[in-house]
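Subject: Structure for your review

Dear colleague,

Please find below the structure that I am handing over to you. I would be grateful if you could read the notes after it with the coordinates open.

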Amino acid sequence: MSVTSLPVSLNAPAVHAAAARRKSPVSFFEFWPGWLFYAPVAAFWVLKSLRYGSLTLPTLANPRINAGGICGESKNEILGLAGPLARQWIAPYAPLTTSGHNDGNDLTLALAAMARAGLVFPVVAKPDMSCNGVGVRVVNDEAQLAAYLAAFPRATALQLQALITYEGEAGIFYIRHPGEAAGRITSVTLKFPPAVTGDGKRNVRQLIAADQRLNAVSNLLLPQLGAKADHIPAEGESVRLVFVGNHCRGSTFKDGLDIVTPALAARIDEIVKDMHEVYFSRLDLRYESLEALREGRNFQIIEFNGSGSEATHIWDPEMTLRAAYATQFFHYGESFKIGAAIRARGLRPSGLLKLASLWRHQKKLMAAYPAND
């Protein structure tokens, strides 16, 4: 098991000290428009497609996942690839599909699915097909679940998953080429969702304004908070501003590649190898402590992402643009190499029309999902 040489990561215990020394709370490209930041990535993708003779070859990088996981993949189907070992590390979940009409028995079906999976409230309700945390919400009781289901699109799949209360959040990128005995961790992102600590005097809006990083991303936070922004937390009270640890919703992402140990690398390798033909994936998980994560214990995987995955440590505020693009080019280059190896077995990549259809369908659904936490 090895760790690929990528841009130098931070020493995890020094994260907060380094943050205090930063001149800017965001990197200069961190919130560029998507079309601008991803233009070189798109150009790189085109060059690779000319080299390999296929624009969609990465759809084969995970041949058991719809379109390889570039878009339109099913969270439930991906978790369904898990063997008995991998299932031990995945947060318990229950797949569900809403009825085709508004007066269906969605709540009854949901409670039955939860019972079969051994789930109890609170649970995390999430769309089966989505990205960037759209539609994800914590539901604490039957009434909240009923409201969520009522607002969900008809005849559409979703997932109810156990709420994992570990404080730490991370994204671990894993790559293994077909035929290799072991894969490798190529990226670790440590995620720090935005939060404020009350002083008994200022409201949440004022506490955000007083924090350099939070103030810099206040345009992402305040529209979602609504009346909560006027709440005055008690002294010492910690208020988490969003549930989903997502960069585009204000979370701070830190490069954590240097936390990888042989024990963690071996643990992730055995888990992903028990996911049928998953070769290129980012595992999103919650962990008890960095010490436990380094030792490969006390964490739960929330989901596996496919060929559309990004090594999200590039959004570390201390990341350079050059290192970010080097990371992007490396990872997507690997997806082409894996796709080529799978194609040599006689499989064909998904076509552009299928990808376009999946993207349109996913985009339409995401516009209809309930508001997320």
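This is a predicted model: local features need pLDDT of at least 70, side-chain atom pairs count only at pLDDT 80 or more; totals for chains, interfaces and linings use all residues.

Helix H3 comprises 14 residues, and its first and last C-alpha atoms lie 20 Å apart, close to the 20 Å expected at 1.5 Å a residue. Its buried residues are Val41, Phe44, Trp45, Ser49 and Tyr52. Viewed down the axis of H3, these buried residues fall within an arc of 140 degrees, so they line one face of the helix. They pack against helix H2 (34–37) and helix H13 (321–343). The face turned away from the buried side carries the exposed residues Leu47, Leu50 and Arg51. Leu47 has a relative accessibility of 58% and therefore counts as exposed, the cut-off being over 50%. Just after H3, Gly53 adopts a positive phi of about 75 degrees.

Val46, Leu47, Leu50, Leu55 and Leu352 make a nonpolar surface patch of about 500 Å². Helix H3 (residues 39–52) supplies the largest share of this patch, three residues.

Helix H11

The twelve residues of helix H11 (residues 262–273) should span 16 Å at 1.5 Å a residue, and the 16 Å between its end C-alpha atoms agrees with this. Leu264, Ala265, Ile268, Asp269, Ile271 and Val272 are the buried residues of H11. Seen down the helix axis, they fall within an arc of 165 degrees and so line one face of H11. Their packing partners include strand E6 (168–175), strand E7 (184–192), strand E11 (280–287) and helix H12 (290–294).

Salt bridges

The structure contains 18 salt bridges. In one of them, the side chains of Glu334 and Arg184 meet at 2.6 Å, N to O. Because Glu334 lies in helix H13 and Arg184 in strand E7, this pair ties together parts that are 150 residues apart in sequence. Glu334 counts as buried at 4% relative accessibility, as does Arg184 at 14%.

Glu334 also forms a salt bridge with Lys337 (3.3 Å, N to O). These two residues are three apart in helix H13, which means that about one helical turn separates them. Lys337, at 41% relative accessibility, counts as partly exposed. Salt bridges with shared partners join Glu180, Arg184, Glu334 and Lys337 into one network.

A further salt bridge brings together the side chains of Arg282 and Asp284 (2.9 Å, N to O); both residues are buried.

With kind regards

How values were computed:
Residues are numbered from 1 along each chain as its sequence is written. Side-chain values use heavy atoms; hydrogens and water are left out. Helices (H or I, at least four residues) and strands (E, at least two) are DSSP runs, numbered from the N terminus. The expected span of a helix is 1.5 Å times one less than its number of residues. Buried means under 20% relative accessible area, exposed over 50%, partly exposed in between (1.4 Å probe, protein chains only). The arc is that of the directions from the helix axis to the C-beta atoms. Contact means heavy atoms within 4.5 Å. Patches are made of residues with over 30% relative accessible area and no salt bridge: like charges are joined within 9 Å, nonpolar side chains (Val, Leu, Ile, Met, Phe, Trp, Tyr) within 5 Å. Accessible areas come from the Shrake-Rupley method with a 1.4 Å probe; for residues, only the protein chains shown count as cover. A salt bridge is a side-chain nitrogen of Lys or Arg within 4 Å of a carboxyl oxygen of Asp or Glu.
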